[in-house]
Amino acid sequence: MGNRTEHTKSKKWKRLFIGLLSFNMILLFVLLTLIFWPVPQAEYPEKATEETDANSEFIVRTTKKNLNDLANTYIDQLLAGTDHEYRIELGDDVHLIGELPVFSSTVPLSVHLEPFVQENGDIILKQKSISIGLLKLPNKKIMEYMDKYLPMPEWVTVNPKEEEIYVAVTDIELKSNFQVAVEHIDLQANNLSFKFRIPYQTLGIN
């Protein structure tokens, strides 16, 4: 009886040993397969080829008064039907004047900004000085209020953290299909120029 029991236990141990050995062999095979399996070559997305339509570029020079009138006409149309009010005055710098809603009332807003033309033809307006009535608020907080409460075109971004306003002139969509970029701005010398790119297709030229 005792020999039979020992023989049965020995068979069980053999089966367990063989099973464990088989499992280890399979596991080793899987690991080796994963290690030595050839790495597939990465497929980079194809670079989109830029197709630029044939066009001509023209440099248009203007004055602070012309640009000032144009900007404020656009702002008046943007603010039509709202309770907001602000305007731009171009002098030795860019002066934004308006009102901001604060504490269930409105207070006068005055911001002086220095324009910097970017390589791509956009403009960054760096804040020089800023005030909001007689309230003593940090500049960044005032610009947060501007960003929150003043309606701006979608191509204008107020950046309170950097205390600047980014004007993406190159994103302005003109009905004429012209593309515009800033070439040069010198407010003190009253020297302003813009680059207009006119696709031939717009003029009916193929």
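I began with K65, which at 58% relative accessibility counts as exposed, and I kept in mind throughout that this is a predicted model. The side chain of K65 meets that of D69 in a salt bridge, with 2.9 Å from N to O. I then placed both residues in helix 2 (residues 64-79), where they lie four residues apart, about one turn of the helix. D69 itself counts as partly exposed, at 36% relative accessibility.

Next I looked up K126 and E164, whose side chains form a salt bridge of 2.6 Å, N to O. This pair links distant parts of the chain, since K126 sits in strand 5 (residues 123-132) and E164 in strand 7 (residues 164-167), 38 residues apart. I noted K126 as partly exposed at 33% relative accessibility, whereas E164 is buried, with a relative accessible area of 10%.

For E163 and K140 I found a salt bridge of 3.2 Å, N to O, and the pair joins the loop between strand 6 (156-159) and strand 7 to helix 3, across 23 residues. Salt bridges with shared partners also bring D93, E114 and K128 into one network. My count of salt bridges came to nine.

I turned to D93, in the loop between strand 2 (86-90) and strand 3 (94-102), and noted that D93 counts as buried because its relative accessible area of 10% is under 20%. Its side chain makes a polar contact of 3.1 Å with that of H112.

Last, I checked M146 in helix 3 (residues 139-149), which is buried at 0% relative accessibility and touches residues including L96, L100 and I165. The C-alpha atoms of M146 and L100 are separated by 7.3 Å, although the two residues are 46 apart along the chain.

Terms used: Residues numbered from 1 in each chain as written. Predicted model: local features only at pLDDT ≥ 70, side-chain atom pairs only at ≥ 80, totals over all residues. Heavy atoms only, no water. Helix = DSSP H or I, 4+ residues; strand = E, 2+ residues; numbered from the N terminus. Buried < 20%, exposed > 50% of the residue type's maximum accessible area, 1.4 Å probe, protein only. Polar contact = N/O pair within 3.5 Å; in protein donor to acceptor, adjacent residues only side chain to side chain. Contact = heavy atoms within 4.5 Å. Salt bridge = Lys/Arg side-chain N within 4 Å of Asp/Glu carboxyl O. Lists of a residue's contacts leave out its neighbours within four places in sequence.
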